[in-house]
Structures are given as structure tokens and as C-alpha cells.
Amino acid sequence: MSDFDIIIIGGGIAGASLGAEVAAERRTLIVEAEDQCGVHSTGRSAAFYLESYGGAAVADLTIASGPFLDCPPPDFSERGFLFRRGGLSVSDGPWPEVPDGVPARRIERGELETMVPGLRLRWTRALFEPGCADIDVAGLHAAFLGQFQRAGGSVATGSRLERAAWSDGAWSVSLADGSNLRAAMLVDAAGAWGDEVAVRCGVAPLGLEPKRRTMVQLRVGRSGLKALPLVNDSGGTFYFKGEGDRTLWLSPHDEIPSPPGDVAPEEIDIAVAVARFEAVVDWPVEHVERSWAGLRTFAPDRLPVYGFDPAMPQFFWCVGQGGFGIQTSPAAARLAASLLLDRPADPMVAHIDPDAFSPVRFRR
Ligand SMILES: Cc1cc2nc3c(=O)[nH]c(=O)nc-3n(C[C@H](O)[C@H](O)[C@H](O)COP(=O)(O)OP(=O)(O)OC[C@H]3O[C@@H](n4cnc5c(N)ncnc54)[C@H](O)[C@@H]3O)c2cc1C
């Protein structure tokens, strides 16, 4: 007899959202290595929702998640998690493009100047996405964990999976504190540690690549920033969004391969961010208020991975959420839950082909 039907490794947004979907039907435990859930990638994001981000297959998951994030069921949350600000993809070359189905309109230089006063002349055109929004990431993550626990799920923090072995029809799981548990199924939702956890369970890695991204909170000599759209470069060298009246969050769009861990920003990346920002707008930079970094973890084709490993059928992958794991979490969790529990596709994701996200694509 197993202690649990499902043990989910990792209590970030991936583990919490999938747990929330399955806990009512299976005895489920989330094991989280840290003393609290959400301190790694989930707690370090730029917290925006941008439908065009990540290409067509990711856009399907994002768009499917939008209504839930905007207006969740009342038993999940009394308020929505999205705060619209719109997003501008600015270009100094050709018109930016978005995947089919993403609402967007072209903006010429004249209108662009009124939307982003002080934008340097080099930026001649932009695509505006009205659906772009800030996400209340902490609120969303807490709501997923709340639903998980109300449905009967348990969370064990400070519980690092050390290793697991499949024997006598169940997983035998050893935690770092020396305790042992048995479970019928394991879910790998360990973010940057996804491959490391798989290897500890005797499963071949997928080739996941954690990449460091830097965020900088800047104070500038300009007010009214909170009302402005998110501004990103269609060439992928920066993005920023107003955070307070005179502060903004800025990223140099860096992707520096890094081993899994508690990453910190490097001075050089902060300097690059500020230099790129100064080439975009004429707003005087006053000072860097704070900076942080986190890992965005990608599968080799930069699509997420949801499904049972073909060589170890009771090992389920829920990894590779890259830079879109928050905005895709409601739909991704529904899709993953239907695969995990072998139940019909949820209406939220019935139009999305789960094969695009299957780990089988890396095992051929
Ligand atoms: C700077 C930055 C900006 C981003 N901006 C956005 C954005 O604007 N919008 C968006 O949608 N996404 C964004 N993302 C991406 C998003 O944050 C991630 O896709 C998402 O948080 C991944 O969630 P996760 O649960 O897979 O990983 P994590 O939150 O890292 O959770 C994995 C957990 O697994 C635990 N773990 C690891 N090994 C073990 C073990 N052996 N035993 C037990 N537990 C273990 C870890 O402690 C960790 O808590 C951004 C990411 C970064 C870094």
C-alpha cells in the first residue's frame, strides 16, 4: 500500500497548479526542498501576461489560460489576477509579428510617441497587444496551493527528494531528512532541477537547460510610469514596465546557461540592462533600487514537457516552462492533469494537441 497516489516534486507554480487539479481525486503530496514554496523561478518572475510570447504552441496555452486568470471561479479566488496595461513590441526594422489568434495592431511613430513619451527616434514602429497584463503571481500561486490543500493535498516543505526507485509496483522515495515514502506515481515539477531529479529517480534526462535572467528595478526622472504599456524590443534585447510612479522593472533579456541553484544578478548584466534602457528612452536614470535573477528552464525545442516518460511510465514530466510558466499555468495544469489521471480533455484545453508537449518527442 502506498502512502500517496501521487508525489509531486517541486512546489513552484508548476507543482502547485497541477496539484490543485488532481488532489480531489488522488491522495497527493507536494515535496518542496525549500522552507517555503515559490522561492525559485516562481518568486522571481517579471509577472506579466503576454499572449504572443513563446511562439504559437505556447500562445495556445497562454490564451486558454486568460479567462481563468482574468475571472477565476469564485471558489478559487474572489478576484482576478490580471491587471491590463497593454504591451508594445517596438522595432527599428520590419514590423514585428505575432502568432495567429493574438489580437494586435500596428502603431506608427506618431502614435508611438504619445504612448511612450521620450522614446528615441530609432524606434520607428511597434505592434500593440491590448491583452498584455501584469499578473499577481504571489496571489495566483497562493490560490493554487489553497485549492490543493482544500481538496485534501498535503505540502511538505524543507523536504528534498534525495532519490527514488521503482520497486514492487510503486515508487520508494527517500527524502534528505532520511524519511521514506511510497507513491504510485511521481511528478517531476522541479523547474531548473528537472533533469537532476529525473536522474535521481533512475530516469534519463531530457536535456533541460536552465538560463539565468536578470531583473533590475530602476528609479528614473519621469513620473506616470505605472500607466504606460510594457515595452519590449521585437529583436529581443530588453523589456521594461512601470512598477511604481517613477520606478520600473527592466530586463536585458539575458539567457545565460547556469546550473540549477539560487542565482544572483551579475554586475555586468545590470550595466548592460541600464545601457540598453538608455538607448530606448530619454528618461534620466536616477539609481538601481534593487536587482534579482532567476532561472528560466527550457527543453531543447523550448516547448514545455507534459506527459509520462515512455521508458518509466509512472514518472510524469511537468517541466520546461521557460519564461511563460506563470501565464500558462491554468491551462497547462488542466492539460497535464488530464494526461496524468487519464481523463478526458478539459474544455479549457480540448482544442490543444497534447502531443506537442509529450516527452516522447525527445526519446525517438
Ligand atoms: C526573471 C524571470 C522573469 C520571468 N517572467 C515571467 C513572466 O513575466 N511571465 C511568466 O509567465 N513567466 C515568467 N517567468 C517564468 C516563470 O517564472 C517560470 O516558468 C515558472 O516560475 C516555473 O515554475 P516551476 O514551478 O517550474 O519552477 P520553480 O518555481 O523554480 O519551482 C521548482 C521547485 O522545485 C523545487 N525542487 C527542486 N529540486 C527538488 C528536490 N530534489 N526535492 C524537492 N523539491 C525540489 C525547488 O526548490 C523549486 O521550489 C520568468 C522567469 C524569470 C526567472
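1. Basis. Because the model is predicted, local features need pLDDT of at least 70 and side-chain atom pairs count only at pLDDT 80 or more, while totals for chains, interfaces and linings use all residues. Residues are numbered from 1 along each chain as its sequence is written, and side-chain values use heavy atoms, with hydrogens and water left out.

2. Largest pocket. The volume of the largest pocket is about 880 Å³. A pocket here is an open set of points on a 1 Å grid over the protein atoms alone, with protein on both sides within 12 Å along at least five of seven lines; lining residues have an atom within 4 Å of a point. Grid points are joined across faces, edges and corners, and a volume is the space filled by probe spheres set on the points. The lining has 49 residues, and His40, Ser41, Thr42, Gly191 and Leu295 are the closest to the pocket centre.

3. Make-up of that lining. Helix H1 (13-22), helix H5 (194-200), strand S13 (209-220) and strand S18 (285-298) each give two or more residues to the lining of the largest pocket. Helices (H or I, at least four residues) and strands (E, at least two) are DSSP runs, numbered from the N terminus. S18 gives the most, with four residues. By type, the lining of the largest pocket has 21 nonpolar, 20 polar and eight charged residues. In this count Ala, Val, Leu, Ile, Met, Phe, Trp, Tyr, Cys and Pro are nonpolar, Asp, Glu, Lys and Arg are charged, and the others, Gly among them, are polar.

4. Ligand. The ligand is surrounded by 37 residues, the closest being Glu32, Thr42, Leu161, Gly322 and Gln327; a residue counts as near if one of its heavy atoms lies within 4 Å. Polar contacts are pairs of N or O atoms within 3.5 Å. A polar backbone atom of Ser41 is 3.1 Å from a ligand oxygen atom, and one of Gly322 is 2.9 Å from a ligand oxygen atom. For Gly323, a polar backbone atom is 3.1 Å from a nitrogen atom of the ligand. On its own the ligand has 1000 Å² of accessible area, of which the protein covers 98%; areas come from the Shrake-Rupley method with a 1.4 Å probe.

5. Second largest pocket. This pocket holds about 390 Å³ of space. Its lining has 21 residues, with Leu50, Ser52, Tyr53, Ser89 and Asn232 nearest the centre. Strand S5 (87-91), strand S7 (125-129) and strand S14 (230-233) each give two or more residues to this lining, and S5 has the largest share, three residues.

6. Cavities. Three cavities of 30 Å³ or more are present; a cavity is a set of points where a 1.4 Å probe fits but cannot get out. The largest cavity holds about 70 Å³, and its lining includes Ile13, Ser17, Tyr306, Cys318 and Gln321. H1 and helix H7 (329-340) give two or more residues each to that lining, with H1 giving the largest share, four residues. Seven of the residues lining the largest cavity are nonpolar, five are polar and none is charged.

7. Second largest cavity. About 50 Å³ of space lies in this cavity. Among the lining residues are His40, Ser41, Arg44, Trp193 and Leu295. The lining of the second largest cavity divides into four nonpolar, four polar and one charged.

8. Three strands form an open, antiparallel sheet in the order S3-S8-S4. Strand S3 (48-49) and strand S4 (82-84) are the edge strands, each pairing on one side only. S3 pairs with strand S8 (residues 133-135) over two bridges; two strands pair if DSSP finds at least two bridges between them. Phe48 stands opposite Asp134 in S8.

Methods:
A polar contact is a pair of N or O atoms within 3.5 Å; within protein, one must be able to donate a hydrogen and the other to accept it, and residues adjacent in sequence count only if both atoms are side-chain atoms.
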